[in-house]
Amino acid sequence: MESAGIGWIAAIIIGGIAGWLAEQFMKSNMGVFMNIILGIVGAIVANAILAVFGVVLTGWIGYLIAGFVGACILIAIARAFRR
C-alpha cells in the first residue's frame, strides 16, 4: 500500500469503496468490515497478478481499480468453494 503512494487511512477508505463496488457488481451480501477487507486484500492480489503481466497501478485510482478487480476475484473464488 505504501508503494502505491497512499497511507493506511486512505487504504481503508479506498478498500471499503472497492469492496462495496465489488459487492454490488457480484450481487453479494456482506458487511462494511468485510468490504474493507475484500478491497484491501483484493488490491494486493490484483497487483500481484497484474505485476506478472508487467502492469503497475499506482495512486488512488489505481488502488481502487485493483481493489475492485481483486475483490471480484476473491468473491468468485469464495463462491466456487462454497458450492
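Is F25 buried or exposed? I looked it up: F25 is exposed, at a relative accessible area of 56%. My cut-offs for this are under 20% relative accessible area for buried, over 50% for exposed and partly exposed in between, with a 1.4 Å probe and protein chains only.

A note on the ground rules. The model is predicted, so I ask for pLDDT of at least 70 for local features and 80 or more for side-chain atom pairs, while totals for chains, interfaces and linings use all residues. Residues are numbered from 1 along each chain as its sequence is written, and side-chain values use heavy atoms, without hydrogens and water.

**Entry: the ring pair.** I stayed with F25 and searched for ring partners. Rings of Phe, Tyr and Trp (its six-membered ring) pair if their centres lie within 6.5 Å; planes under 30 degrees apart are stacked, over 60 edge-to-face, and the rest tilted. I found one aromatic pair by this rule. F25 sits in helix α1 and F68 in helix α3, so the pair ties together parts 43 residues apart in sequence. F68 is partly exposed, at 25% relative accessibility.

**Entry: helix α1.** Helices here are DSSP runs (H or I, at least four residues) and strands are E runs of at least two, numbered from the N terminus. I counted 18 residues in α1, which reaches 25 Å from first C-alpha to last, close to the expected 26 Å. The expected span is 1.5 Å times one less than the number of residues. Buried in α1 are A10, A11, I14, G15, G16, A18, G19, A22 and E23. Their cover includes α2 and α3, where contact means heavy atoms within 4.5 Å. Just after α1, K27 has a positive phi of about 55°.

**Entry: the loop to α2.** I then checked S28, which lies in the loop between α1 and α2. S28 counts as buried, at 18% relative accessibility. Leaving out residues up to four places away in sequence, S28 touches E23, I75 and R79.

**Entry: helix α2.** The 21 residues of α2 should span 30 Å, and the end C-alpha atoms are 30 Å apart, which agrees. I listed the buried residues of α2 as N35, I36, L38, G39, I40, G42, A43 and A46. What covers them includes α1 and α3. After α2 comes G54, with a positive phi near 85°.

**Entry: the cores.** A nonpolar core is a set of buried Ala, Val, Leu, Ile, Met, Phe, Trp, Tyr and Cys residues joined through side-chain atoms within 4.5 Å. The largest one has ten residues: I6, A10, A11, I14, I36, I40, A43, A46, Y63 and A66. Two or more residues come from each of α1 (8–25), α2 (32–52) and α3 (59–82). The largest share, four residues, is from α2. A separate second core of six residues includes M26, L38, A71 and C72.

**Entry: the record.** The unreviewed UniProt entry annotates residues 6–25, 32–54 and 60–81 as "transmembrane region"; such annotations may be inferred rather than shown by experiment. In the model, residues 6–25 are 90% helix and 0% strand, with end C-alpha atoms 25 Å apart. Residues 60–81 are 100% helix and 0% strand, with 31 Å between the end C-alpha atoms.
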